[in-house]
Number of protein chains: 2
Amino acid sequence: MPDSDPDPRALMVAGAADMIRRRGLSATSVRELAKHTGAPLGSTYHYFPGGKQQLAAEAVGFAGDAVTRQLRRRMAAGPVAGLHAFIAAWRETLLTTDFRVGCPVLAVAIEEPEEDSAALRAAAAAFSQWCELLATALCDDGAAPAEAGRLATLIVAAIEGAVVMCRAQRSVQPLDNVGPVLEALVADAIS
Amino acid sequence: MPDSDPDPRALMVAGAADMIRRRGLSATSVRELAKHTGAPLGSTYHYFPGGKQQLAAEAVGFAGDAVTRQLRRRMAAGPVAGLHAFIAAWRETLLTTDFRVGCPVLAVAIEEPEEDSAALRAAAAAFSQWCELLATALCDDGAAPAEAGRLATLIVAAIEGAVVMCRAQRSVQPLDNVGPVLEALVADAIS
């Protein structure tokens with residue numbers, strides 16, 4: 001028996017990120033999260049008094065940070081190898097989940113925000129964080145700063161777009177198409 | 001007074017495409033469409049007996065065909081100029097709608113399909129149609145077929161991803177970053 005239970009609040013945030021990356025933001029609610037994670041409804045409202053926006057913003061922040069850590073770890077192998085491994089990981093996720101799972105950060109950004117949206121701000125922050133991390137890795141390996149910035153945005157945009165195309169087409173071909181072009185661009189930029 | 005009213009069914013399909021590109025698929029329903037377009041609820045069910053899936057599939061097909069026609073028209077000016085104009089049009093759409101409008105084809109592909117989804121099949125068909133059109137335009141201007149295919153996928157994926165990043169960041173910077181890189185790749189491929 002483990003000497004400490006997992007933090008129930010952290011489990012709910014992770015559960016919300018999982019729901020959003022599968023179903024999108026509209027279909028995600030505090031009530032649905034309680035069902036999805038098996039938590040009592042009262043406890044979800046206790047932990048997230050700000051309701052769905054708070055939950056979604058924390059879920060997006062959680063997912064964004066997880067990708068940032070993954071990118072940082074992979075970039076340590078060098079930008080070309082790191083990018084290749086990152087795309088291979090997405091490929092594996094799509095195949096093992098029967099194309100049911102996408103990116104929760106993208107998912108919250110395709111719905112018209114009702115007003116000031118904490119979830120949308122969290123998505124913007126995650127995209128910026130990834131782009132900055134990639135641009136820094138490219139610069140560290142010798143790319144020119146302006147080119148590194150443009151290329152970092154292209155990498156994030158193209159992988160996000162390709163993952164959605166893969167889900168629609170139920171095939172990893174879109175990722176297999178964009179991967180080699182992105183890797184060649186990175187190799188050129190740092191050579 | 002015009003001698004013929006616009007086709008009410010076609011107006012509903014266009015209205016559904018507009019709802020989906022603003023709000024996503026989950027928030028779109030036959031009932032909401034009736035509200036959005038001011039049509040009587042009964043008439044929407046009359047025109048779309050298959051309900052939301054039929055409506056969404058037709059809306060995605062309608063939007064996909066509109067983009068195909070636009071891409072074909074723009075590519076007639078040559079792939080580099082055509083791509084530049086296509087991206088400029090997206091830039092304008094984002095700015096004039098206060099970043100509230102995205103791509104309905106992408107929007108339907110980020111939600112776990114409940115079963116066999118006609119809307120998802122329509123999205124897959126639209127992505128394929130755009131990629132084939134772009135690959136053909138690149139080949140017609142001298143690109144090697146394999147390179148043209150990969151580059152066409154990258155163009156579609158990167159623009160789709162960049163539009164979502166623009167909506168999150170409420171800025172056209174992501175499109176402004178990816179545009180020049182894509183245009184340079186196209187210029188290289190056809191030179």
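Here is a short tour, one selection at a time.

Before you click: this is a predicted model, where local features need pLDDT of at least 70 and side-chain atom pairs count only at pLDDT 80 or more, while totals for chains, interfaces and linings use all residues. Residues are numbered from 1 along each chain as its sequence is written, chains are lettered from A and ligands numbered from 1 in the order in which they are written, and side-chain values use heavy atoms, with hydrogens and water left out.

**Stop 1: two helices in chain A**

Select residues 51-75 of chain A, helix H4, and then residues 118-140 of chain A, helix H7. (Helices are DSSP runs of H or I, at least four residues, numbered from the N terminus.) Their axes come within 8 Å and cross at roughly 10 degrees; axes are lines fitted to C-alpha atoms over the stretch in contact, with angles running from 0 to 180 degrees between N-to-C directions. That makes H4(A) roughly parallel to H7(A), the word for angles under 35 degrees.

Now show side chains. By class, the contact residues are 15 nonpolar, five polar and two charged. (Ala, Val, Leu, Ile, Met, Phe, Trp, Tyr, Cys and Pro count as nonpolar, Asp, Glu, Lys and Arg as charged, and the others, Gly among them, as polar.)

**Stop 2: a pair within chain A**

Side chains of opposite charge can pair when their charged atoms come close. Pick Arg91(A) and Asp176(A): they form a salt bridge, with the closest N and O atoms 2.8 Å apart. (The rule asks for a side-chain nitrogen of Lys or Arg within 4 Å of a carboxyl oxygen of Asp or Glu.) Arg91(A) sits in helix H5 and Asp176(A) in helix H9 of chain A, so the pair ties together parts 85 residues apart in sequence.

**Stop 3: where the chains meet**

Colour by chain. Here 42 residues of chain B are in contact with 42 residues of chain A. The buried area is about 3600 Å², 69% of it from carbon and sulfur atoms; that is accessible area (1.4 Å probe) lost on putting the two parts together, summed over both. In chain B, Ile110(B), Glu112(B) and Met165(B) lose the most area to chain A.

Notes:
Angles under 35 degrees count as roughly parallel, over 145 as roughly antiparallel, 65 to 115 as roughly perpendicular and the rest as oblique. Contact means heavy atoms within 4.5 Å.
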